[in-house]
Amino acid sequence: MIVLGIETSCDETAAALVADGEKILANVVASQADLHGRFGGVVPEIASRAHLERLLPVLTSALNEAHLSLEAIDAIAVTSRPGLVGALLVGLSAAKMLAWALNRPIVGVNHLEAHIIVALLEKEAKFPLVALVASGGHTSLFLSTSFTEHRLIGQTTDDAAGEAFDKVAGILGLGYLGGPLVEKAARGGNPKAQDFPRSLLAEDSLNFSFSGVKTAVLYHLSGQNASKPPKKLPSRELADVAASFQEAVVDVLVEKLLRAAHRERVLSLALGGGVAANKTLREKVSQAADSDGFTFYTPPLNLCTDNAVMIAALGYHKLKKGLADDLTLDVYPRASEFVA
Ligand code: KG4
Ligand code: ZN
C-alpha cells in the first residue's frame, strides 16, 4: 500500500510517499527557516502563507522523486494535531481535496506519535516501549503498546527541550534555528565548565522543566538582574557555555527516559523529535540503553526533524487497523485533550 504523507504543522512543508509503512519512495521537505529567522521564532501567519505557496511544488517533487503518478497513491495521511491551526489547515485542505478527487481513504495523524513511529522504521519494533519525543514544541514521554497506541506518561511543565535550545541560541547570539547552532558552538567546549541546573522535579516525576537552565544561561551572561543585554563571549568561553548547557539538558532527558523505562518495566526505548538529532543526546541514550540492557530505537538524522515520512508511516499502521477518517476530519492545536 502506497501512502502519501503530508506535514504542515509548523514551519516545514513536507510530502512523502511510503510503501507498506516502511519503504521510503520519496521524502521532500521545504524548510521555512529562512523566512522566520529574522523574527527569532515561527510567525504563524507567515508559516500558513508559505505552506500554501510551497505545498503543490513539494507534492509534485515527491511524485517525481518516486516516479509515480497521483493514481498510484492508495491512501492519504495528514498531520491533524498538534500544531499551528492555520498551518495544519493548509495540509488538511490539500489532503481532503486529493482524497475526494482520487476517491482514496484519508487518515489524520498525531505529529508526536509519528515522531515515535519513524524511530521504528529500520529495526523490527518490539512493544511495549517507552518513547521520548523532544521537539521545538513538546518534550513528552509515552508508553507505546503498539504502532497506534501511545499513552502520555510525562511532559514538560514549561519550555520544551528544543525551545530551550532555541532561546539559549538567541541569548548566545548564535541565531536561528537554535539546536544545530548550539550543538556546533559546543564542539570542543568543556561540558563541565559551568554547572547549570538539572531540574529533575520530584524524585518520581516523569515531567520536565527547562526554563531554569535557560534562565541560568541568561544570568551567566547578563548578571542576576538581566537588565543588560547578554554580553558577547569570546569563542573559547562560548564553546564552554554551549557545551555545559547542552550537557545539562541532555542529562535530564536521559535520566527521565531511563527512569520511565525502568518504571514501566519495558525492554525497549525510543527517541524522536528534532532534538533527537543532537549527537551528544543520541550517544548518551545509546550508552545508557546498552548498559541497562534496553533495545534502543532512534531515526536517522534526517528523519528526526519534521518530515512527512513519519506521517505516511503512522498513517499506514492506522489504516491497517481500520482507523481511517473521512472528509469531516478537522485539525487541533493540542496533542490531545489531556496534553498542554
Ligand atoms: O521535531 P521538530 O523538527 O519540530 C517540532 O515538531 O517542533 O523539532 C525542532 C526542534 C527545534 O527546537 C530545534 O532547535 C531542535 O528541534 N533541534 C535540535 C537539533 N536539531 C534540531 N536541538 C538540539 N540539537 C540538534 N542537533
Ligand atoms: Zn516535530
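Modeller: A disulfide is taken here as a pair of cysteine sulfur atoms within 2.5 Å. The model above is predicted.

Biologist: By this rule, what does the count of disulfides come to?

Modeller: The count comes to 0 disulfides. Cysteine 10 is in none, and the nearest cysteine sulfur, that of cysteine 304, is 16 Å away.

Biologist: Is cysteine 304 buried or exposed?

Modeller: Cysteine 304 is buried, with a relative accessible area of 0%. Cysteine 10, by contrast, is partly exposed at 25%.

Biologist: Changing topic, how many helices and strands has the chain?

Modeller: There are 10 helices and 10 strands in the chain. The radius of gyration is 20 Å, close to the 20 Å given by the globule rule for 340 residues, so the chain is as compact as a globular protein of that length.

Biologist: And what does the C-alpha trace span along its principal axes?

Modeller: The trace spans about 60 × 45 × 35 Å. Of the 340 residues, 54% count as buried. Among contacts between residues at least 6 apart in sequence, 72% join residues at least 24 apart.

Biologist: In what order do the 5 strands of the open sheet come?

Modeller: The order is β3-β2-β1-β4-β5, with mixed pairing. β3 (23-31) and β5 (106-110) are the edge strands, each pairing on one side only. From one strand to the next, the twist averages 20 degrees.

Biologist: How many bridges join β4 to β5?

Modeller: Strand β4 (residues 75-81) is joined to β5 by 5 bridges, and the two run parallel.

Biologist: Turning to helix α5, which of its residues are buried?

Modeller: In α5 (residues 161-171), the buried residues are Ala161, Gly162, Ala164, Phe165, Val168, Ala169 and Ile171. An α-helix has 3.6 residues a turn, so residues three or four places apart point the same way.

Biologist: What covers those buried residues of α5?

Modeller: The cover includes strands β6 (129-134) and β7 (139-146), together with helices α6 (178-186), α7 (211-222) and α8 (235-263).

Key: Residues numbered from 1 in each chain as written. Chains lettered and ligands numbered in written order. Predicted model: local features only at pLDDT ≥ 70, side-chain atom pairs only at ≥ 80, totals over all residues. Heavy atoms only, no water. Pairing = 2+ DSSP bridges. Helix = DSSP H or I, 4+ residues; strand = E, 2+ residues; numbered from the N terminus. Axes fitted to C-alpha atoms, helices over the stretch in contact; angles between N-to-C directions. Buried < 20%, exposed > 50% of the residue type's maximum accessible area, 1.4 Å probe, protein only. Contact = heavy atoms within 4.5 Å. Rg over C-alpha atoms; globule rule 2.2 N^0.38 Å.
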